[in-house]
Amino acid sequence: MKFVSTRGQAPSLDFEEVTLAGLATDGGLYVPEEWPRFSDSEIRSCRGKSYRELAKTVLGKFTSECLTDSELSALVDRAYSSFNHSAIAPLKQLDSSLYVMELFHGPTLAFKDFALQFLGQLFEHILGARGRRCTIVGATSGDTGSAAIEAVRGLSSIELFMLHPHGRVSDVQRKQMTTVTDDNIHNLAVDGTFDDCQNLVKAMFNDQSFRQQHQLSAVNSINWARIAAQVVYYFRAALELGSPDRAVNFAVPTGNFGNVFAGYVARQMGLPINRLIIGSNSNDILTRFFETGHMEQKGVNPTLSPSMDIQISSNFERYLFELSGRDSEKISRFMRQFSEQGTFSVSDSCLQRATELFFAHRLDDGATRDEVRRVYTETGEVMDPHSVIGVAAARVHAEADVPTVVLGTAHPAKFGTAVEDAIGIAPVLPDHLGNLMDRPETSTRVSNSLSSVQQLINQSS
């Protein structure tokens, strides 16, 4: 299987090469040249498989030309050995047709563990086989950072620099990053927003001499391997609810579009998904797009759901590539206009096609608190302020005769203050993080300047 850039000017690569590359050299994102497919009978044959066995089956569609079955099996087994629930991704029923899939039983209590635990193992395998080292640079709005750090800490072949927006992540999110003391981990607190951090990362990748000097690679969801790993839990939830003989909807709280795009990929691979429902906070660039067809940047407002405080949804480029009929020239024009003017628009016909599958809903902080309280009062479930936005979006856009699965993206204790303000109960961190808030921190504050960040990397590498 080959992967192509959304902007059409980078060489096509295989799965291992795409994993190491992260961002394409033309600034685009990699997608499969053709979507691999499961037949209905192949999907039925996956019923009853454990999460690990299902992961091997789904990921094998992307990796078969680069990894042997035994190599993939070993990587998957190691990736999910640190999850603390036997089901790995348990499915809970909230009402007659609404479910939540808990994706926070990994080591850092967020859905990012599903992709990054696998990606860390994959990096180690590829680099070891090639006798290479690499420098990973990443940006985080909170959860990617800790999940990436946990996945690669102590690995001799990887140096990791993680950028987070100073003062714009929760205390638990920050501590999960800055209390890690391994020599290969570097936390950079940027004076800016997540979008600023993400732009700095992209700028480093677009600086070809710097990219080559440090052998840069990426752990953000611009890396295709992360999307591939996230596809697995869509199959898992749908199978538990009767797929492929029963359609299913998914409601996904998202800011960067990566998590919900994995659902789109699952649908392209043959999973019968009727609707993909997006939940946004007041930083609602995605909801506004699906209402109007206009993608327009506005200022980023800090909210109770900081992992979604985003105005540049980088993974949206992959869907836009699909929506435009894989017209790479058109994508390049859209992305250039978005970079220069902060806006672009799609045609009415494109918007109509998009809204046949995607639905979107926004909640401000007040409504988010109300939803945390409502869910707890009616079901007894304590949910974090991201996941409940998915619940609220599902209540608006779900179909009565089709089950809807909300992706529970984070443990409520990661956002304990917001949850306690809503229901008067402070969720407790699991035992392995029980003393987290007392651990000493190490990070480097840096200005929102490409030269400043590059200088730090040059000095530390």
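**Close-up views of a predicted model**

View 1. T135 stands opposite L216, a residue of strand β8. Please keep in mind as you look through these views that the model is predicted. Strand β5, made of residues 134-139, is joined to β8 by three bridges, and the two strands run parallel. As a reminder, strands of a sheet pair through backbone hydrogen bonds, either parallel or antiparallel.

**View 2. The open sheet of five strands.** In what order do the five strands of this open sheet lie? Reading across, the order is β8-β5-β6-β7-β15, and the pairing is parallel. At the edges you will find β8 (216-218) and β15 (444-446), each of which pairs on one side only. Between neighbouring strands of this sheet, the turn is 30 degrees on average, with direction ignored.

**View 3. Two helices on the five-stranded sheet.** Helix α5, residues 112-130, packs on the sheet and touches β5, β6 (158-165) and β8. The direction of α5 makes about 150 degrees with that of β8. Now look for helix α19, residues 450-460, which lies across β5, β6, β7 (185-190) and β15. Helix α19 runs at about 150 degrees to β6.

**View 4. The open sheet of six strands.** Here the strand order is β3-β4-β14-β9-β10-β13, and the pairing is mixed. Which strands sit at the edges? They are β3 (91-93) and β13 (358-362), and each pairs on one side only. From one strand to the next, the twist averages 25 degrees. Zoom in on β9 and you can follow five bridges to strand β10 (residues 273-280), with the two strands running parallel.

**View 5. Two helices on the six-stranded sheet.** Helix α10 lies across β3, β4, β9, β10 and β14 (404-408). The angle at which α10 runs to β9 is about 140 degrees. Helix α12, residues 285-292, lies across β10 and β13. For α12, the angle to β13 is about 130 degrees.

**View 6. The largest cavity.** How many cavities of 30 Å³ or more does the count give? The count comes to two, and the largest has a volume of about 270 Å³. The lining of the largest cavity is made by 25 residues, and those nearest its centre are F111, K112, S141, N256 and S307. The elements giving two or more residues to this lining are α6 (143-152), α10 (224-240) and α11 (258-268). Sorted by class, the lining holds 14 polar, eight nonpolar and three charged residues.

**View 7. The second largest cavity.** This cavity has a volume of about 30 Å³. The residues that line the second largest cavity are Q198, V201, K202, N220 and I222. By class, two of these lining residues are nonpolar, two are polar and one is charged.

View 8. How many disulfides does the count give? The count comes to zero. C66 is in no disulfide, and the nearest cysteine sulfur to it, that of C134, is 17 Å away. C134 is in no disulfide either, and the nearest cysteine sulfur to C134 is that of C66, 17 Å away.

**View 9. Two backbone details in loops.** Let us finish with two spots in the backbone. Is the peptide bond from S243 to P244 cis or trans? The bond is cis, with omega near 5 degrees. You can find P244 in the loop between α10 and β9 (248-253). The other spot is L109, which has a positive phi of about 70 degrees although it is not a glycine. L109 sits in the loop between β4 (98-102) and α5.

How values were computed. Residues are numbered from 1 along each chain as its sequence is written. This is a predicted model: local features need pLDDT of at least 70, side-chain atom pairs count only at pLDDT 80 or more; totals for chains, interfaces and linings use all residues. Side-chain values use heavy atoms; hydrogens and water are left out. On a 1 Å grid over the protein atoms alone, a cavity is a set of points where a 1.4 Å probe fits but cannot get out, and a pocket is an open set with protein on both sides within 12 Å along at least five of seven lines; lining residues have an atom within 4 Å of a point. Grid points are joined across faces, edges and corners, and a volume is the space filled by probe spheres set on the points. Helices (H or I, at least four residues) and strands (E, at least two) are DSSP runs, numbered from the N terminus. Ala, Val, Leu, Ile, Met, Phe, Trp, Tyr, Cys and Pro count as nonpolar, Asp, Glu, Lys and Arg as charged, and the others, Gly among them, as polar. Two strands pair if DSSP finds at least two bridges between them. Axes are lines fitted to C-alpha atoms, for helices over the stretch in contact, and angles run from 0 to 180 degrees between N-to-C directions. Contact means heavy atoms within 4.5 Å. A disulfide is a pair of cysteine sulfur atoms within 2.5 Å.
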